[in-house]
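Hi everyone, thanks for coming.

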Amino acid sequence: MPQPARALSWMVPAMLLLGFLLVALTGEPWTIWIALAVAGVALVLLGFCVYRDVNGAATTWSRLYKEGRGISPEHFTFADVGSIKAMGFSYMVIGLFWFGISLFAR
């Protein structure tokens, strides 16, 4: 995937793992809430990059899926650009949900 989508996709699991590691080391519950908020913001930004096709993120994702499955570019799959943009929108919704949980669920 092109940047910045690649960096944001790596940031989500890294923040979640960092949050769990900090909770295990410190025992403070607020560390997981901060990590969840940062991961939620990264997921919203990743979804925005895919939804708006920033630097061709959705186009590249669709092309890589088709090449990996041996499907020619002109054939229809559920991994076409429109479907992947819808998946980017769902990433934004999930990221907002995570951010909301980190703010209000204490």
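I'll go through a surface patch, a helix pair, some backbone details and the salt bridges. Please keep in mind that this is a predicted model.

Val41, Leu45, Phe99, Leu103 and Phe104 together make a nonpolar patch of about 490 Å². Where does the patch come from? Helix 2, residues 30-51, and helix 4, residues 81-104, each give at least two residues to it. Helix 4 has the largest share, with three residues. One of the patch members is Phe104, which sits in helix 4. Its relative accessibility is 73%, so Phe104 counts as exposed.

Now, how do those two helices run past each other? The axes of helix 2 and helix 4 come within 7 Å and cross at roughly 160°. Angles over 145 degrees count as roughly antiparallel, so that is what we call helix 2 relative to helix 4. The crossing of helix 2 past helix 4 is left-handed.

On to the backbone. If you look at the segment before helix 1, which spans 5-26, you'll find Pro4. The peptide bond leading from Gln3 into Pro4 is cis, and omega is near 0°. Then there is the loop between helix 2 and helix 3, where Asp53 lies. Asp53 is not a glycine, yet its phi is positive, about 55°. Asn55 lies in that loop between helix 2 and helix 3 too, and it also has a positive phi of about 55° without being a glycine. Asn55 counts as exposed because its relative accessibility is 55%.

Last topic: charges. Side chains of opposite charge can pair when their charged atoms come close. How many salt bridges does the structure hold? There are two.

In one of them, Arg63 pairs with Glu67, and the closest N and O atoms are 3.4 Å apart. Both residues belong to helix 3, four residues apart, or about one turn of the helix. Arg63 is partly exposed, at 42% relative accessible area, while Glu67, at 52%, counts as exposed.

Lys66 and Asp80 also form a salt bridge, at 2.8 Å from N to O. This pair links distant parts of the chain, 14 residues apart: Lys66 is in helix 3, and Asp80 is in the loop between helix 3 and helix 4. Are these two buried or exposed? Lys66 and Asp80 are both buried.

That's my tour, and I'm happy to take questions.

Conventions:
Residues are numbered from 1 along each chain as its sequence is written. This is a predicted model: local features need pLDDT of at least 70, side-chain atom pairs count only at pLDDT 80 or more; totals for chains, interfaces and linings use all residues. Side-chain values use heavy atoms; hydrogens and water are left out. Patches are made of residues with over 30% relative accessible area and no salt bridge: like charges are joined within 9 Å, nonpolar side chains (Val, Leu, Ile, Met, Phe, Trp, Tyr) within 5 Å. Accessible areas come from the Shrake-Rupley method with a 1.4 Å probe; for residues, only the protein chains shown count as cover. A salt bridge is a side-chain nitrogen of Lys or Arg within 4 Å of a carboxyl oxygen of Asp or Glu. Buried means under 20% relative accessible area, exposed over 50%, partly exposed in between (1.4 Å probe, protein chains only). Axes are lines fitted to C-alpha atoms, for helices over the stretch in contact, and angles run from 0 to 180 degrees between N-to-C directions. Angles under 35 degrees count as roughly parallel, over 145 as roughly antiparallel, 65 to 115 as roughly perpendicular and the rest as oblique. A crossing is left-handed if the near helix is turned anticlockwise from the far one by less than a right angle, and right-handed if clockwise.
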